[in-house]
Amino acid sequence: MAINEGGRCVSADIAAGLPPAAALFHSLADETRLRIVARLARGEARVVDLTGELGLAQSTVSKHLACLRDCGLVDYRAEGRQSFYALTRPELMDLLASAEQLLAATGHSVALRPMPSLAGDLAEQARLS
């Protein structure tokens with residue numbers, strides 16, 4: 001799931017006995033992966049979009065996307081020669097919301113999710129009505 005010190009994903013460590021919960025949290029324990037997740041929470045993006053928006057090298061973004069794909073948190077769709085990455089698990093936003101609340105309660109306020117747009121709020125309210 002997450003890339004360990006040896007450069008391989010933790011999925012091999014799960015096979016060797018690492019509990020899946022520990023592997024999941026390990027995969028989210030990297031600032032770059034959290035930034036990618038936050039960006040993808042706003043909608044799908046190509047590697048080139050992520051490199052430009054996050055100011056990271058293409059190889060770095062690709063490595064972390066591969067890790068998130070290995071976790072099952074991110075996947076892509078091909079369109080021509082381009083790949084568009086997106087979050088696969090909406091539950092991830094619930095986990096990040098809970099983490100924000102927990103950190104705020106301990107005096108460490110952070111924003112792990114993008115702020116919803118007014119248009120998105122109105123669409124959500126209309127959907128719930």
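Reply: Buried means a relative accessible area under 20%, exposed means over 50%, and partly exposed covers what lies in between. With those cut-offs in hand, please keep in mind throughout that this is a predicted model.

Me: Is tyrosine 76 buried, exposed or partly exposed?
Reply: The relative accessible area of tyrosine 76 is 37%. Because buried requires under 20% and exposed requires over 50%, the value of 37% places tyrosine 76 in the class called partly exposed.

Me: Is tyrosine 85 buried or exposed?
Reply: Tyrosine 85 has a relative accessible area of 12%. Since the limit for burial is under 20%, tyrosine 85 counts as buried.

Me: Over which ring does the charged end of arginine 77 sit?
Reply: The charged end of arginine 77 lies 4.6 Å from the centre of the ring in question. That ring belongs to phenylalanine 84.

Me: Where is arginine 42 found, and is it buried or exposed?
Reply: Arginine 42 is placed in the loop between helix H3 (31-40) and helix H4 (47-54). Its relative accessible area is 54%, and because this is over 50%, arginine 42 is exposed.

Me: Which residue makes a polar contact with the side chain of arginine 42?
Reply: Leaving out residues up to four places away in sequence, arginine 42 touches Glu53 and Pro114. The polar contact, at 3.2 Å between side chains, is with glutamate 53.

Me: Which residues does glutamate 100 touch, not counting those up to four places away in sequence?
Reply: Glutamate 100 belongs to helix H6 (residues 91-105), and with a relative accessible area of 12% it is buried. The residues that glutamate 100 touches are Val110, Ala111, Leu112 and Arg113.

Me: Which residues are in contact with leucine 92, leaving aside its neighbours within four places in sequence?
Reply: Leucine 92 is also found in helix H6, and at 4% relative accessibility it counts as buried. The C-alpha atoms of leucine 92 and arginine 113, 21 residues apart along the chain, are separated by 9.9 Å. The contacts of leucine 92 are Leu28, Val37, Leu73 and Leu87.

Me: What pattern does the protein follow along the sequence?
Reply: The protein has seven helices and two strands, and 28% of its 129 residues count as buried. Read along the sequence, the pattern is α-α-α-α-α-β-β-α-α.

Me: Where is confidence lowest in the protein?
Reply: The mean pLDDT of the protein is 82, with 79% of the residues scoring at least 70, and the highest confidence is in strand S2 (residues 82-87), at 97. Over residues 118-129, by contrast, pLDDT stays under 50, and the model has one contact beyond four places in sequence for that stretch. Confidence is lowest, at a mean of 45, in helix H7 (residues 118-128).

Terms used
Residues numbered from 1 in each chain as written. Predicted model: local features only at pLDDT ≥ 70, side-chain atom pairs only at ≥ 80, totals over all residues. Heavy atoms only, no water. pLDDT = per-residue confidence, 0-100. Helix = DSSP H or I, 4+ residues; strand = E, 2+ residues; numbered from the N terminus. Contact = heavy atoms within 4.5 Å. Buried < 20%, exposed > 50% of the residue type's maximum accessible area, 1.4 Å probe, protein only. Polar contact = N/O pair within 3.5 Å; in protein donor to acceptor, adjacent residues only side chain to side chain. Lys NZ or Arg CZ within 6 Å of the ring centre and 35° of its normal.
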